[in-house]
Each structure stands twice: as C-alpha cells, then as structure tokens.
Amino acid sequence: MAISGSCFCGEIKYKINGTLIDATSCHCSMCRKAFSSQASAFARVNSDEFSWLSGENLLSTYESKTGVGIQFCSKCGSTLCGTNKGKVMGVTLGCVEGDPEIKIGKHIFVGSKASWETIPDGIPQYEEWPPKNT
Ligand SMILES: [Zn+2]
Ligand SMILES: [Zn+2]
C-alpha cells in the first residue's frame with residue numbers, strides 16, 4: 001500500500017512505499033511560521049521509502065543552520081516535507097491524500113502555543129519535547 005501526496009496547485013506529487021510514523025503536531029512559534037498555521041502536523045517517513053513523482057524542479061528548500069529544513073512548492077506555497085541534510089525525513093499531513101491510517105498521537109511544545117489556539121482534549125500534550133521512550 002502506497003501513500004501519496006501533492007501540493008495545493010498539484011504540480012508536485014510524491015509517493016511513500018510504506019507507512020507514516022509517529023504523527024505529531026508541534027505548537028512552537030517556529031512551526032506556526034513555517035506552516036502558516038496554529039501548529040504543524042507531520043509524520044515521519046523512512047527516507048528510502050519516499051520518492052518524488054512530479055514537480056521536483058518546483059521545490060524550494062529553506063534550511064536552518066543545523067541542516068534541518070522544509071521543502072515547499074515555489075508556485076503555490078504548500079509545505080510538503082521536512083528534510084535533514086537534504087534527505088526527506090517527514091511529510092506534512094495536510095498534503096497527504098486520503099486516509100493515511102494514522103492519527104495525531106501527541107501535541108508538543110504546547111507551552112508556547114498561540115494565545116488564540118484551543119487544543120482538543122484527549123491526546124497527550126507536552127510542554128516541550130515528549131520524554132524519550134526508548
Ligand atoms: Zn504547488
Ligand atoms: Zn515546532
């Protein structure tokens with residue numbers, strides 16, 4: 001079963017030959033800006049299971065100093081994925097098509113959420129990073 005995704009204008013499309021892992025919503029001030037939203041909603045992928053199908057030439061990358069970045073469509077502005085040193089490490093849930101059979105499992109950095117946001121009950125919330133459960 002493959003998962004597919006695309007941007008708002010439809011030029012960029014991707015496919016994941018696997019499942020989404022660890023869906024998370026982050027409410028920090030950087031995610032608010034990066035996703036132009038109250039929070040980010042993303043899931044991890046195995047980078048070797050991810051491939052671009054079309055529109056790769058339209059991708060723009062914004063990378064922070066540490067090599068962690070986001071890639072977005074330069075035509076419509078949809079943020080599609082998160083990268084680490086150029087490798088796709090996760091996708092934004094908003095650009096995934098249909099039901100990827102995963103639900104947001106945690107809200108992180110709720111300590112810095114926007115004053116105007118109300119987070120739904122019933123899902124674990126963490127002030128910052130969740131405790132490591134290894
Ligand atoms: Zn687009
Ligand atoms: Zn964040």
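**Ground rules.** I noted that this is a predicted model, where local features need pLDDT of at least 70, side-chain atom pairs count only at pLDDT 80 or more, and totals for chains, interfaces and linings use all residues. Residues are numbered from 1 along each chain as its sequence is written, chains are lettered from A and ligands numbered from 1 in the order in which they are written, and side-chain values use heavy atoms, with hydrogens and water left out.

**Seven-stranded sheet.** I found an open sheet of seven strands with mixed pairing, ordered E6-E7-E8-E9-E4-E3-E10. Strands here are DSSP runs (E, at least two residues), numbered from the N terminus, and two of them pair if DSSP finds at least two bridges between them. At the edges I see E6 (59–63) and E10 (106–108), each pairing on one side only. Neighbouring strands are turned by 35 degrees against each other on average, direction ignored; the axes are lines fitted to C-alpha atoms, and angles run from 0 to 180 degrees between N-to-C directions.

I then followed E3 (residues 21–26), which runs parallel to E10 and is joined to it by three bridges. Cys26 sits opposite Ile108 of E10.

**Zinc.** Cys26 turned up again here: its SG, with those of Cys28 and Cys31, coordinates the zinc ion (ligand 2) at 2.1 to 2.3 Å. Donors are N, O and S atoms within 2.8 Å of the metal (3.2 Å for Na, K and Ca), and water is not among the atoms, so sites may look incomplete. Along the chain, the donors are spaced C-x1-C-x2-C. Both Cys28 and Cys31 are buried (under 20% relative accessible area; exposed is over 50%, partly exposed in between; 1.4 Å probe, protein chains only).

**Gln71.** Why does Gln71 count as buried? Because its relative accessibility is 11%. I placed Gln71 in strand E7 (residues 68–73). Its side chain makes a polar contact of 2.9 Å with that of Thr61 (a pair of N or O atoms within 3.5 Å, one able to donate a hydrogen and the other to accept it). Beyond four places in sequence, Gln71 is in contact with residues including Trp52, Leu59, Cys81 and Val88 (heavy atoms within 4.5 Å).

**Three-stranded sheet.** The other entry is an open antiparallel sheet, E1-E2-E5. E1 (3–6) and E5 (50–54) each have a single partner strand, so one side of each lacks a neighbour in the sheet. The twist averages 25 degrees from one strand to the next. E1 pairs with E2 (residues 13–16) over four bridges, and Ser6 stands opposite Lys13 in E2.
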